[in-house]
Each structure stands twice: as C-alpha cells, then as structure tokens.
Amino acid sequence: MSLLPAAVGRRANRLGAVAQNALEVLLLGGLQTGDRPAPFEVVTEQRIYRLRRYFPDSRRADDAPVVLLIPPMMLAAEVYDVSPRASAVTELHRLGMDPWVVDFGAPEHEEGGLERTLTDHVLAVSDAIDRVRRATGRDVHLTGYSQGGMFCYQAAAYRRSAGVGSIVTFGSPVDFSSALPFGIPGGLAPGLAHVLAERVFDDRALPAWASSAVFRALDPVKTLRQRIDFVRRLGDREALLSREGQRRFLEGEGFVAWSGPAIAELLRQFVVHNRMISGGFVIEGRLVTLADLTCPILAFSGDADTIARRASVRAIQRATPRTVAYELPVPSGHFGMIVGSAAGEVTLPAVRDWIRWVEAGDPAAPPPDGLHPIADDGDDDPRAPAVLQSVGLATSAGVGLTRTLSRSARRSARGVLGIASEAASQLPRIVRLEQIGPHTRISLGSLLDEQARRAPDDVLFLFADRAHTHAAAKHRIDSVVRGLVSLGVRQGQHVGVLMGSRPSGLTVVAALSRLGAVAVLMRPGGDLAREAELGGVEVVVADPEQARGAVDALGIEVLVLGGGADPRDLGPGIVDMERIDPDAVRLPAWYRPNPGRAADLAFVVFSGEGDATRAKRVTNHRWALSAFGTAAAASLSRADTVYAVTPLHHPSGLLTSVGGAVASGARIALARAFDASTFWDEVRRYGVTAVSYTWTMLRELTEAPAHPAEAHHPVRLFIGSGMPRGLWLRVLDRFGGGTSATPGHPAGRARVVEFYASTEGDAVLANVTSRPGSKGRRLPGSADVRLARWDPATETLLEGPDGFVLPAEAGEVGMLLARARGGAETLPGTPLRGVFRRGDAWHSTGDLFRVDDQGDWWLVDHAAAAIRTDRGVVYAFPVHDALGLLPAIDLSVVYPLDGADGAPLAVAAVTVRGGHELRAQDLTGALSGLDAGCRPDVVHVVDEIPVTTWFRPMVGPLRAAGVPRPGRPARAWVLDRERGTYVALTDAERRRLVGEEQVAAAD
C-alpha cells in the first residue's frame, strides 16, 4: 500500500515539472539554459556585413588554418553557434582552426537591408576574404551552409579562386534542374521561379516569420515529430535543455528576413536560368562562371536532406571542370549536418581532416578516410526537343498531331512537360510570323524596344566579360540615333556600316533600324568602293580601326562610333560621333521611332569577292522571318545565351544569331572572332547554350584535344547553315553524347539545327530533327515551297501537255520554287507566273532538291554548278553526303575539269583526318549508293581544302592546280566504269582522262 503514494508523488512531480516548463516556454519563449555564446570580436563593420573573429583572445598556433563561415540569407550568423552543445565555431576552434564568420545581420533592422541584392552578398563575401587574409596572412578555407555555400562558390568564382585555399559546403545546391523541394518537377521550376521573381519578390521582402515557416514546411513530418517529442519530454528538463538552443533557433529565433531583390536575383539567375551549372551569371556587371574555380572543393550532402537534394549538391562536379570536387554523405537532414549530432561526430572532424590534407599539398597523399571524388554520373538533365519538331514542322509536313503526341507520350514525364512548356512559348512566334503583312510595323529596332519594355534589367548582350542590360543598350541606341540625326541622316537613307565585331556595331545597326534608315553592312577587308556603289551608300559609320581606310577608299566623310568619348585626333575627313552630346540634339518633327514596315528595305549584305561581289537586299519581313524562325525552330528563350561568332556583316550573324536572340529575349554573347583555343572558356564564362556556325567552322572543335571546360558543357544547340554531313556526325558524336566523347570529359547533349534560306524568294527550311545532312522542312511562316521537274540538259523546268510545270516525283531531283507572297518582300527579278496553275507566281531559287520518304528536303546542288559528264550529271551534295559517312574523310569538294574528249570530268578532292587512312574499297563502298552516272570520275587526297573567311570550302585553287598526280601510297583513285569500283590512278589513266597537253601543263 505504501507504493501508491510514492507513484502518485512521482506523477505529481512530473506534472508539476511539465507545468513549470510549459509556463516558462509560454512566458519567456523557451527554457532558460544559461548558455553563453562563444566569444568573438567584430573586426570590421561594413554596409552589408560585420566580420566576426571567434575566440579572439586565445593563443593560436602560427599554422592554424583560417576558416571563414558564410551563413545563408534566411538564417542569422548564430547558425554556427546555436548553443555550446551545437557550436560549429567552438568545435572548429577545438580542432585547431581559426574560425571567422560573416554576419549579414537582420536585414529588416539594417538601413537599406531589404533592398540588398544577391550581388551585394557575393561582393561582401569577397571583401571579407581580403580582410581576413590581410589580418592573418593566410589563404582562407571558405565554408558555407545551404545558400551560404552558394555564396562561397559564387564569390570564389568571381575572384577566380584568388586567396581561397578550398571551399567546403554543407547542403548547398548547384543544379536547379534536379529534384526540388515540395516535389516540384525540375521542368516546372523555371516558370514558377520566373513568376515569383517578377510578380512577388521584385518589390517585397520575405519576413523572418515567413522564412521560418517555409523552412519548416520543407519537411513537415520532421517538424511535427520534433514538436511531439518536445511535448513528450516537457517533464524532463535536462533532456530538453540539451536541445533547447536548436529548438528555439529553428522555431524562429534564428531566422531573419530575406530582401526581395536578393530573392528575385537568386530566382532569375540560378533557378530560371540555372547559371550555377551553365555559367554566365553576372556579378557587378561582370560575367562569372564556376568553371573558373581551381581550388579544391568538399561538398557535404545529407542522407535525409529534403531541401538540397543530393543530385543537386553533387552537380558541383559538373560545374567545375578545372578542379576535383570531393563529397561526403552525412546521416542527417539539412539542418543536422551543421547543428545536429552528426556535425560533431562526422561533419566537423571531416572538415579538419580535409583542411589538413589540402594544406599539406602532397598530391601523392590519399584524401582523408570517407572522402572521395564525386563520381561522374553524366548529365541526366534531358534537353527537350524544339517545339517545331514536336508540333510545328510535323504539322506543316502533314504529319498528324496525334502521331506526334503519341511519340511524345512515350518519353519521360519530365520530357513531356518540357515539350508542353516549349510549345506554349514557340507557337505565338509562329502565329506572329503568319500575321505579318506588307504594312506591319516590324524591325530590329522595334523588337529591341519590345524587349526593353518587357525586361529592362535583363541582359541584352555580353562582350569582353561584361554584361549590358536592355535598358542600358536602349539608352545608347537612342543616343546614337540623336547623333545620326544631328549629322543629317534621314529615314530611308542608305548608310554604310563598316565595323568589326564589337558592341558599337550592334548599336549603330539598331540605331539605323530605329531611325528607319537602311544599314549597308560593308565587309572589313572587302572591296569597299564596289560595295558602296552596289549598296547606294551616301555616308559611312565606321569603328576607329576601319575609318581611315574608308576615307581613303571612298573619298567621303566617315562617321566614327566606338572607342570612348575621350578627346582624340582621328584625322581629316572623319567625324567623331562620341563627341556629340545627345541631350543637346533636338529631334525633328519627321522623326518617329521604328517606322519600318515589313515590306521596307532594312539591310544590304554582300557575298562574293572582287568583280563577283553581289548585294543581297533584306527587308524587315525577311529579317523578322529569320529572327522568329530561328527563335522557334531552336526553342530559344530568355534562359538561353546565343554565342554570335559570325559578325553582323555576315547574313548568319544578322539574321540567325542576333535575330533569333532578339526575337526570343535570349542573351547575345558577342565574340571578336572564332578561336577554338578559347571557345570553351568563353562558352562557360558567358553561359552559352546556343552556338551559331557557318559551313565548316566547327571542324577545329571536333579535331581539337579535350578542353577542361568542355566536360558537361552547357551548349544544347549549334545553329547555322552549310555544315557538311560528315562534320555534322562528328559534332553530334563528340558534343551530343556520342561515342567519341573523350574519356574523363563527358559530352553534353547538343543538337544541330540547320537552316537553308534561298537567295531568291522567301524559302526557309529548318532541320530540327538532327538528321545529318538534311535541310529539314519548310519553316512555318516562310513562303510555300514546291519542287518542279527539272531538265539538267536544257536547264529548264519541264512542262506538261497543258503548259503548266510538272511537279517533281517523290525522290526525284527538282528545282525548288518559293511562292511569291505579294508586297511583304522586296526581291530582285520578276517571279515566274502561271507555273502550276493560272495566275500563280513563284520565285526560282536556283537550287536543286529532292524530298525523301520521310518528308525531309535534301539539297542536291546549285543548278549552275551541276557537272554534266558524258555519263550523266554529277551533283556535289550527294557526293559530300556519301563521303561524309567515312570516318577517314575530313572535308570534300567537287569540281569540274576539262576532259580529253571535251566532256567535263567530275573530280572530288578530300582531306584525311589525322590517324586515318583512305583506301580504294572505302571509296567504292561509300559511293556505291549513288547512281553510276552521278559518281565522281576521280577522287584524290589533298593536304588542305582552302576555306573563305567564314569557313566555306573553295574549289578555285584546287581546280587551278589541274588533274592530280598518281603516287605511292595511292592518293588518287579513278572510277573503273565497267566494274563500278575505284582503283589507283596511274599515269596512263591520267593521260587518257585529260590528254597529254593538260598533263604536260600540270607537270
């Protein structure tokens, strides 16, 4: 019976303890632990942060490593000193480290704190690194938790690792295309983040209570479990006191407000555009990429972390090709790896061992136990195909939407979401193209104004590691317009533009468009006098480097733009536009911004050399067709950066690179020139996702040794025209995830989007399926196209009994015709009328095509270039396509030579790739698929095939060299017409083919 009062007493004591503890929590916000924070001094106080040094009075070893800890924006600096039992700074000090902490304070209590940007925080970390180094004389081991780790990566990249001994992060995400909190699919994250950045956080902060609520909501089960556990232990004060610091911190005391601009910038740069992976994020106007990091990296990830998923944390390996990133999984959640029991038992001892290993600097020493390089699991982020592949082009070719959707349904759910998202963004562009009429106001200038109104703070173009926003570009363009007006330039006037690849070139072309003048894009090094005559040039705007040559060649006054506004002597005949004060210019009454209509002439570009120089007139409609067509076919968006390698005076630079970027809102990365040795560095620095090309430009990249920055590159598209089939295959093989990806340097998943645009007519074809060699299908919004039967002997269209032109049969070679569409285009020549029916009108492109059984169009040859031998007609492009399938062949050209009997011979010259050998049986096998009369008579190996400035192969020098010579080993082969095989060329066969006189002349 005596036991009952004792049990009742214990129960009463427990209930009393529960009541007392609960009342203390209610009245005081928590239990009074008597804990004191670790001692520190504030070494400096800056606008954005205070720099704390912990244990300032303790005696340290001279070689004590310096650790600088960076908190995330949403948490107070006390995250590293929650309580004596959970204090990272105390434990690091005990382990022999010198701990420093950046304290961003509580923004809601700091002057201007809620207007801070992400850039402010990154620059603050960089400044803290400098101050700690000056105080200690040692490099800093930069350490960050959650977003604090992101700050570490970003600040170290901004500094190019200067002064950073290593980077250590705890649960810091890098790839935001991976699995996200709340189960949000990676494909939906950019759209959601864009809405939050533009409509929620652009002008409002996230309060501290909301930060705390969001953090707890990320793992509601764990939050509920912790609260239940707290209630259950209310009677056990000792058990509660051991965890009270962590509880109070997580329940709200440790959270601070997030400034709205900082959140918006975080969402724009690193969620919407995922620039931690791709590169090209902007810090204080400067381009930054994690690919520049060279210091060692250790990334901790929590086994139960629902905030920074392991895949996202481990992605640091893909983002940093110049260093090795190590990892250590921790048996904890997001908070526990830095505050919980795992911190003292696993995380912080591992940090000590890591830093000692790094500072020892012994490359032969193995890393500490448990640490290992992050394995290369490849890039599992599927790139959604272009919408025109899934919807637009399939529809235009008559392929049913049901079949297209059924193919899409077989993809992963993530891929389907990507296609749906792209379809929503691309179809309005196609509709807009279809709605352009002759009098529609549209131009380069008007589209730039649209983008500036929509997103003034977004980046328009990147050049020389600097970023320039739409707002800044608009101000510069409008200033140049005023300068041009003050010098007498008027709407409709033809103005020569003679500039290299530089921002001023883009500015003056845009300014002329906004003014309504015609930009005549003259070529540096070209025949200026002839181009000025053909283009009707009345005045020239040049850069400082080209100005004197223009004055000497043309004898007219030249305006100079670019090079800065400092006083300079440019010599006689030159007007310095940089000295004009735009604010002092009064605009005339006739001026109306962006007056250009679709049918108006907008640009003149040139092709050919010397006497063969030809002017090509480009209307606003033709430019818009290429711009919106490129944007749609390549699925370009504001998340993309287009690497504009070709200059504005090249049609692909004006129409494809700049046009596609402006129409889509993508960033333009202006390159001075194509350089394979710096290509991948610039791709990473600019965050390039789409690369423009012409003809054989990418050849140097495919043959170059692996570059560190090539691994897991961000390029998803190569966009251009004229790429040979063999090179196309090598590009896909190396950069599209094929078998030639260099071991240790895995490829990305790049595709090729090839365009064809006719010189005559408004025909545009686009290949978005990456069937190498094909020109694809008609681009929606461009002119209707048809193939007409063609007689190569008479070089005329074939007519039926009724006098109408006969359509080409399936698989038959025919002339490509483009329907004339009235006044939307300004084209030279007169269209053919009454072609397929009474009253119709078509432009002949002069190019021969065939259409295969899948509906894809294949260029066969230019009608004027087809070689009519005594065996039949040899077309160049089928020969290139066939030879391109041979791994040994690099490039090929086809050209005619005079034969001994007066009939032309078809000769193919090829170059052989290093380490490969070309044999007669290889040629026979590759060319056997062509009709007997369509094979070249001679195939020979040359050391080099010359190319133009923009990488188009030339036949003139090879043709001038005459018939090739026999050799040992064989480098020339002749077609054995009887057996249909290729055999080594002999002296006797050479004389038979071209005659004694030509042999003697060649020798």
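Me: How do you know that β14 and β15 pair, and in which sense, parallel or antiparallel?
Reply: This is a predicted model, where local features need pLDDT of at least 70, side-chain atom pairs count only at pLDDT 80 or more, and totals for chains, interfaces and linings use all residues. Residues are numbered from 1 along each chain as its sequence is written, and side-chain values use heavy atoms, leaving out hydrogens and water. Two strands pair if DSSP finds at least two bridges between them. β14 (residues 494–498) and β15 (residues 518–521) have 4 bridges, and the sense is parallel. Strands here are DSSP runs of E, at least two residues, numbered from the N terminus. In this pairing, G496 stands opposite V520 in β15.

Me: What makes β15 and β19 a pair?
Reply: They share 2 bridges, in the parallel sense. The definition asks for at least two, so they pair. V520 stands opposite V604 in β19.

Me: Which way do β19 and β20 run, and how many bridges join them?
Reply: They run antiparallel, with 6 bridges. S607 stands opposite R614 in β20. The two strands form a hairpin with 6 residues between them. G608 in that turn has a positive phi of about 80°.

Me: Why are β18 and β20 said to stand at the edges?
Reply: The open sheet has 7 strands in the order β18-β17-β16-β14-β15-β19-β20, with mixed pairing. β18 (574–576) and β20 (614–619) each have a single partner strand, so one side of each lacks a neighbour in the sheet.

Me: Why is β19 called largely enclosed?
Reply: Buried means under 20% relative accessible area, with a 1.4 Å probe and protein chains only. In β19, 6 of the 7 residues are buried, so the rest of the structure largely encloses this strand.

Key
Buried < 20%, exposed > 50% of the residue type's maximum accessible area, 1.4 Å probe, protein only.
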